[in-house]
Amino acid sequence: MIYPGNFENKIGFDAIRQLIKSYCLSEMGMTHVDAIQFSSKKEDIEILLCQTEEFRQICLIEEEKIPTSYFYDLRDSLKKIVVPGTFLETEQLFLLKSSLSTIKICVDFLNKGEEIKYPYLKEISENIYVDKAIIKRIEEIIDDKGIIKDSASPELSIIRKGLISKQIFVTKKLNNILRNARTEGWTPDNLELTFRNGRLVIPMLAAHKRKLKGFVHDESATGQTVYVEPAEIFEANNDIRELINAEKREIYKILLAFSDFIRPFIDELIESYNFLSLIDFIRAKAKFALSLMAFKPVLLDIQIIDWSKACHPLLYLSCKLNKKPIEPLDIKLDKKDRILIISGPNAGGKSVCLKTIGLLQYMMQCGLLVPMKEHSEMGIFDNVFIDIGDEQSLENDLSTYSSHLLSMKRFVDKANAKTLFLIDEFGAGTEPQLGGAIAESILEKLNDQKAFGVITTHYANLKLLADVSEGIMNGAMLFDSENMKPLYKLKMGKPGSSFAFEIAKKIGLQKEILEAASKKVGVKQLNFDIQLQDLETQKLMIENKQKELESADSTLAEMIGRYQSLNYEIEQSKKTIISEARAEATQLLEDANKQIEKTIRLIKESQAEKEPTKEIRKNFASFVDDVKIKTEEFTPESKESKSEKKEKKRLPQILPPEILTTPILKGDSVRIIGQTTIGDVISVEKNEAVVLFGSLHMKCSIGKLEKISKSKAKEQNKSNNAQLLRKINFDINKKLSDFKTSIDIRGKRAEEVHSLIQQYIDDAILLNIPQVNILHGKGNGVLRSIVRDYLKIIEEVKSFKDEEIEMGGNGITVVNFRNK
């Protein structure tokens with residue numbers, strides 16, 4: 001149950017309907033928007049939400065695959081031809097063809113592939129079938145412009161050929177007569193043949209009308225010009241009139257035959273249009289959800305409100321338009337804390353908070369996605385009541401307070417554990433002490449009935465009630481007491497101050513009035529309100545600081561963990577390196593001892609002869625050198641010294657001796673060690689040189705460069721240029737062999753198409769291709785526009801046009817290039 005009758009107007013849902021309608025493509029979809037209803041059945045709500053969520057995903061990922069044109073409603077026209085002898089008009093036939101094509105594309109998209117991506121949308125399309133024979137039959141009758149084809153029937157073809165022949169004969173004959181009349185001065189030179197009463201006639205000066213034998217059909221307003229049908233073509237014009245009538249009769253027969261053909265399929269066709277209207281409706285809801293950044297919440301079949309970052313839809317759109325920030329709402333009501341009492345200053349956002357809760361709950365139970373975090377939990381309520389605004393009625397003799405009491409009576413009568421009630425300015429409108437007492441009693445009754453609710457108030461007794469009653473809690477709209485401005489942020493758990501004195505002081509109310517009021521209310525009450533708000537503000541600051549500290553702690557802990565992990569890896573590597581070094585050193589000592597013993601033994605065996613001893617010493621010296629090299633590997637040395645040694649080893653192998661001793665100067669030919677590209681030294685400064693490699697300037701360390709003789713540089717450049725030319729020729733030949741004179745971009749996204757066409761046109765110009773075809777399809781014309789907009793700015797494009805009708809028409813663009 002929804003109460004009162006103007007509930008949607010009070011919470012702003014009527015504006016939501018209008019916004020959804022603005023996204024509809026047809027009147028069919030708008031009819032569904034008007035039929036949106038509140039539901040308390042979880043299964044129905046789940047289906048509606050999932051359908052919209054799936055279409056929201058389509059809009060984000062594959063929007064171009066769902067057509068947005070030809071959403072025509074032909075259900076009434078189809079119902080009219082149920083009676084034999086009735087038929088669809090030519091215009092309706094064209095609309096039928098276009099809309100059936102749209103339906104078929106939608107159905108095929110939702111049912112394509114083995115993987116079911118959109119199960120809820122697929123379910124509504126499963127029983128929809130558009131017979132290809134119907135579309136084919138229509139295409140045989142009308143062309144792309146909605147005109148009956150000559151080939152629609154043999155008789156029509158004969159009639160139109162005869163009609164064209166007669167019209168040509170009459171036109172030629174009249175032109176001859178007109179030329180003669182001009183020569184004679186009977187007709188002004190600036191007048192041409194025209195039609196009167198459906199017949200071709202010659203305009204003549206009234207003074208000469210009897211000089212041409214024929215029938216006068218009309219005259220000008222001034223009477224100076226008459227329109228004469230010459231007698232010579234009278235019979236031919238009669239023949240034309242008969243052929244036109246015969247054409248109309250034949251078209252009537254064609255349309256009647258087609259209507260007879262589709263009459264057995266009318267029920268299926270009407271069901272197809274019901275599907276099209278539903279797709280339009282779901283699409284509109286999805287587009288509206290995208291404008292709100294709305295999502296499908298977690299739906300529970302219990303009574304709960306656990307929302308994170310919820311926003312009022314209309315306020316969100318307004319702030320988005322004006323580029324202003326919006327303060328989202330965090331709120332939680334469950335079986336433990338069912339009723340929230342919101343207090344705080346006027347214009348602090350209490351009523352907006354109340355409307356946000358009512359509107360979002362109503363939207364969700366109408367099957368609409370809501371602007372809040374996806375993990376938010378939303379329960380289902382059977383009853384939603386609201387009391388907001390002024391309902392006084394002169395006709396029913398109701399004051400403002402009386403109307404509020406009448407609403408409270410209805411609330412108490414109908415409330416139960418599945419009820420959500422929303423009351424703004426609870427107890428206002430009468431004497432505060434009495435109004436507060438009645439409000440407190442009503443609230444206790446609603447609490448006893450286990451109802452859920454949110455109320456706004458300034459009454460202290462209601463704030464105190466929350467502290468002593470189970471199921472009721474306080475909430476405050478925060479206020480910046482230092483800068484004297486509302487923060488529009490709901491803080492649950494503590495009551496808020498009305499800040500009446502502070503607001504009065506800000507707007508400039510006289511000081512003596514405020515002082516008098518302070519004495520009347522008492523210092524104790526004023527101090528209580530001030531301390532209450534200051535405590536909330538300080539609490540908020542402490543919470544923000546706590547979040548910053550937690551974030552810093554988390555970052556520090558992560559850094560410590562990374563340091564400890566890195567330190568552990570270094571220690572492990574150090575142990576491994578030392579262990580390997582010790583093992584190799586031990587092996588070296590063992591090998592050295594063996595070699596020494598072997599040397600001594602060989603010297604003894606040779607009995608110290610000169611030549612053998614000399615050879616033995618030489619072998620031992622070689623072994624010592626090897627040991628030194630291995631030992632150096634364990635000696636700490638910088639990376640720079642190692643690289644220098646490598647360079648020194650490499651230099652003698654690459655450069656001739658004379659180059660090694662010559663410093664690198666400006667104008668020398670050089671290359672980077674290990675590379676083949678040769679450049680010229682532009683300048684030298686200390687240990688760095690600026691080298692020109694082609695068109696690229698590069699600053700390099702002189703130690704990384706090697707000097708090249710002029711003759712060798714010339715030979716190397718010639719070799720490099722030859723390799724480059726061979727590579728270019730190879731690439732062009734490969735491109736030419738792979739190039740196709742037509743490209744198919746159907747089904748591509750708009751952003752993909754631009755890069756594809758740019759690359760394709762560039763290749764065609766490079767390869768000197770005279771003509772190419774771009775297949776973009778007809779659809780709604782988006783791809784065709786993108787292609788042609790790009791072609792307009794390419795100087796090498798000589799012209800572009802549609803392909804011949806029999807070859808694809810405006811679904812293909814033929815591009816001609818200028819001769820090079």
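1. Let's start with a definition: Ala, Val, Leu, Ile, Met, Phe, Trp, Tyr, Cys and Pro count as nonpolar, Asp, Glu, Lys and Arg as charged, and the others, Gly among them, as polar. With that rule, the lining of the largest pocket divides into 12 nonpolar, 15 polar and 18 charged residues. Keep these classes in mind, as they come back below.

2. A word on what you are looking at. This is a predicted model, in which local features need pLDDT of at least 70, side-chain atom pairs count only at pLDDT 80 or more, and totals for chains, interfaces and linings use all residues. Residues are numbered from 1 along each chain as its sequence is written, and side-chain values use heavy atoms, with hydrogens and water left out.

3. Now the overall picture. The protein has 25 helices and 24 strands; these are DSSP runs numbered from the N terminus, helices being H or I with at least four residues and strands being E with at least two. Of its 820 residues, 39% count as buried (buried means under 20% relative accessible area, exposed over 50%, partly exposed in between, with a 1.4 Å probe and protein chains only). Among contacts with a separation of 6 or more, 68% join residues 24 or more positions apart; a contact means heavy atoms within 4.5 Å.

4. Back to the largest pocket, which holds about 1600 Å³ of space. It is lined by 45 residues, and Tyr-70, Gly-777, Lys-778, Gly-779 and Asn-780 are the closest to its centre. Helices H6 (90-111), H8 (132-141) and H25 (782-792) each supply at least two lining residues, and H6 gives the largest share, 7 residues. How is a pocket defined? On a 1 Å grid over the protein atoms alone, a pocket is an open set of points with protein on both sides within 12 Å along at least five of seven lines, while a cavity is a set where a 1.4 Å probe fits but cannot get out; lining residues have an atom within 4 Å of a point. Grid points are joined across faces, edges and corners, and a volume is the space filled by probe spheres set on the points.

5. Most residues other than glycine have a negative phi, and most peptide bonds are trans. The peptide bond from Tyr-3 to Pro-4 is cis, with omega near 0°.

6. How many cavities of 30 Å³ or more are there? The count comes to 2. The largest has a volume of about 90 Å³, and its lining has 15 residues, with Tyr-401, His-404, Met-408, Phe-426 and Gly-427 nearest its centre. Helix H14 (400-414) and helix H15 (432-448) are the elements that give two or more residues to this lining. By class, the lining of the largest cavity has 9 nonpolar, 3 polar and 3 charged residues. The second largest cavity holds about 30 Å³, and Phe-55, Cys-59, Glu-63, Ile-66, Thr-68 and Arg-283 line this space.

7. Next, the nonpolar cores (sets of buried Ala, Val, Leu, Ile, Met, Phe, Trp, Tyr and Cys residues joined through side-chain atoms within 4.5 Å). The largest has 54 residues, and Phe-13, Trp-307, Ile-357, Met-363 and Val-454 have the most contacts inside it. Helix H13 (residues 350-365) gives the most to this core, with 8 residues. Leaving aside neighbours within four places in sequence, Ile-357 is in contact with Ile-305, Trp-307, Leu-329, Ile-331, Leu-422 and Val-454. A second, separate core of 44 residues includes Leu-74, Leu-121, Ile-128 and Phe-275.

8. Asn-474 sits in strand S14 (residues 472-480), and counts as buried because its relative accessible area is 2%. Beyond four places in sequence, its contacts include Leu-340, Ile-341, Lys-463 and Met-492. Asn-474 and Val-454 are 20 residues apart in sequence and 10.0 Å apart in space, C-alpha to C-alpha.
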